[in-house]
Amino acid sequence: MTRRHSSPERIIAAATTNESEPLLSKHTAKPNPLPKAQLAIIYAVKLTLPIATTQTMPYYNLLIERLAASEGAETGYYSGLAHSAFAVTGFISMFVWGRVSDSRGRIPVIFMGTAGTAVFTLLFGLSQTFNSLLLNRLLAGFFQGITGAIHSVVGELSDETNQSTAFPLYDIVSALGFVIGPLIGGTFADPAKEWPEVFTDPFWKEYPYLLPCLITSAISTVAALLSVFALEETLPGKRKNKSPVIEEEPILGPESSATVIDVPPTLEDLQPLSVRHLLSIPVLRAVIASSGALGLAGSCFTNIFILMAYTPIRQGGLAFSPAQIGRAISSMGAVSILLKLCMPKLLRRFGTLGMFDFAMLAWMATFAAMPLASFVAQRAVSAVSPTTPPVGGFLRETSTREWVAVAVPLFLSRLGCLAFSIIMILTRDHAPGSASLGTANGLAELAQSLASTVGPTIASSLFAVSASKNLLGGYLWVVFMLLLSLLNCWVARRIRNYRD
């Protein structure tokens, strides 16, 4: 006999008429079919969040330089502050949105988040002072904090038999956003300069970065409409159809003599547990801490790479144009898609924790490889004009050797980003019930947001002071990031210790 809860958590037991047969069937469990239409909708909604975040990256430092009257690596102080402002409200709102989604439903939270993102993305392109940009980042971060609710929808649309497909596909969508967003920002930034014969109105010179924000805002508006008119509620107790879903295919193999019956959901499936109760679970606490360590590594890399790409070569940067920065970041997303297509097989082959440990180690290799790109860029410029020191600027051809040197840390960082898929699975696996899944995801996202709050300021400021003061040849930040990566690996290992 197989017993099935109406929640995604299943309790499986098999009984046979032959006592000589094992209690549990030896047949390999078949994955249950996924609700493809609903998953496609939530994936489309998720896609808009990384697009809105990454479309600013190619021109972010140029806009801040313009508004803060800064130059070169010194812009890192201001860009780090702006990134942290975005993360602060994301950190505050993450838990709030998670609790609201557990009590009021997933759809209201997702709609408010995507609609708010549409509004403040548009206003970002209209910023005319650094203070207004900071205020915009604070408000925009609040509405980006809905990812916990989106994670919960994916978790409630899948179960333990098919989550190794649903979650990697979900993260592939995020990677696709990293392809589309930077291309929008790098292509459509400053249209009056790129297409002067088309954008002749002085308005586009006054607001050179409005066009990519306008395009992104329209995409977010479509997502808000999808969440209201096409997405179905998945929160237990709020679903329109509260009867359990009967799958056409059995969980156990087709040759099993087990039968399937429905049993009422447990109290943990219907009533969310308190935050104190959730944090009292050691392994869940370790998962949340690892989520924070992952968020710190990811946010530090992103901010350092964007600042490094913008910074003049004489200060240890790459002197990339917005279009080149956009292509570089977009390529990271493309590589992520290819890697994450392999995730289901990798998870089955090496296990969830094995892949997570590997991904965290990849961050150490990433930061160790980043100075290589700067070194190759300096050699390339010196070879072209050995008597003239590089002074930055964008009017130069980037050699193939430089792109290869940039590709190494970018590829390694995508290996590290595999952990973002895995941490969602670990959170779902160790949440004590479906009704607490939103809060558990919210706590994990909260830890990531807290790390992302301090990460940009620390990383960008450390890069700026290392470059401007020539500390350890301008690479003091590398030593710091290597030590930090080592600490993050130790934190990640605690999940295994508690689980074993």
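Everything shown comes from a predicted model, where local features need pLDDT of at least 70, side-chain atom pairs count only at pLDDT 80 or more, and totals for chains, interfaces and linings use all residues. Residues are numbered from 1 along each chain as its sequence is written, and side-chain values use heavy atoms, with hydrogens and water left out.

**View A. Helix α14 meets helix α17.** Helices here are DSSP runs of H or I with at least four residues, numbered from the N terminus. The two axes come within 9 Å and cross at roughly 45 degrees; axes are lines fitted to C-alpha atoms over the stretch in contact, and angles run from 0 to 180 degrees between N-to-C directions. That makes α14 oblique to α17 (under 35 degrees counts as roughly parallel, over 145 as roughly antiparallel, 65 to 115 as roughly perpendicular, and the rest as oblique). Look for Gln324, Ala328 and Met332 among the α14 residues, and Trp403, Leu410 and Phe411 among those of α17; contact means heavy atoms within 4.5 Å. By class, this contact has eight nonpolar, four polar and one charged residues (Ala, Val, Leu, Ile, Met, Phe, Trp, Tyr, Cys and Pro count as nonpolar, Asp, Glu, Lys and Arg as charged, and the others, Gly among them, as polar).

**View B. Helix α13 meets helix α17.** The axes of α13 (residues 282-310) and α17 (residues 400-416) come within 11 Å and cross at roughly 160 degrees, so the two helices are roughly antiparallel. Here α13 passes α17 in a left-handed crossing. Leu294, Phe301 and Phe305 of α13 make the contact with α17 residues including Val406, Pro409 and Arg414. Six nonpolar, two polar and one charged residues take part.

**View C. Helix α6 meets helix α19.** With axes 8 Å apart, α6 (residues 147-157) and α19 (residues 437-469) pack at an angle of about 135 degrees, and α6 passes α19 in a right-handed crossing. Among the residues in contact are His151, Ser152 and Glu156 of α6 and Asn441 and Glu445 of α19. The contact divides into one nonpolar, seven polar and two charged residues.

**View D. Inside the largest nonpolar core.** This core has 114 residues, and those with the most contacts inside it are Ile42, Phe356 and Met360. Helix α13 gives the most to this core, with 16 residues. A nonpolar core is a set of buried Ala, Val, Leu, Ile, Met, Phe, Trp, Tyr and Cys residues joined through side-chain atoms within 4.5 Å. Leaving aside neighbours within four places in sequence, Ile42 touches Ile110, Ile150, Val153, Val154 and Leu231.

**View E. Two loop residues with positive phi.** Asp190, in the loop between α7 and α8, has a positive phi of about 50 degrees although it is not a glycine. Ala319, in the loop between α13 and α14, has a positive phi near 55 degrees. At 22% relative accessibility Asp190 counts as partly exposed, whereas Ala319 is buried at 1% (buried means under 20% relative accessible area, exposed over 50%, partly exposed in between, with a 1.4 Å probe and protein chains only).

Methods: A crossing is left-handed if the near helix is turned anticlockwise from the far one by less than a right angle, and right-handed if clockwise.
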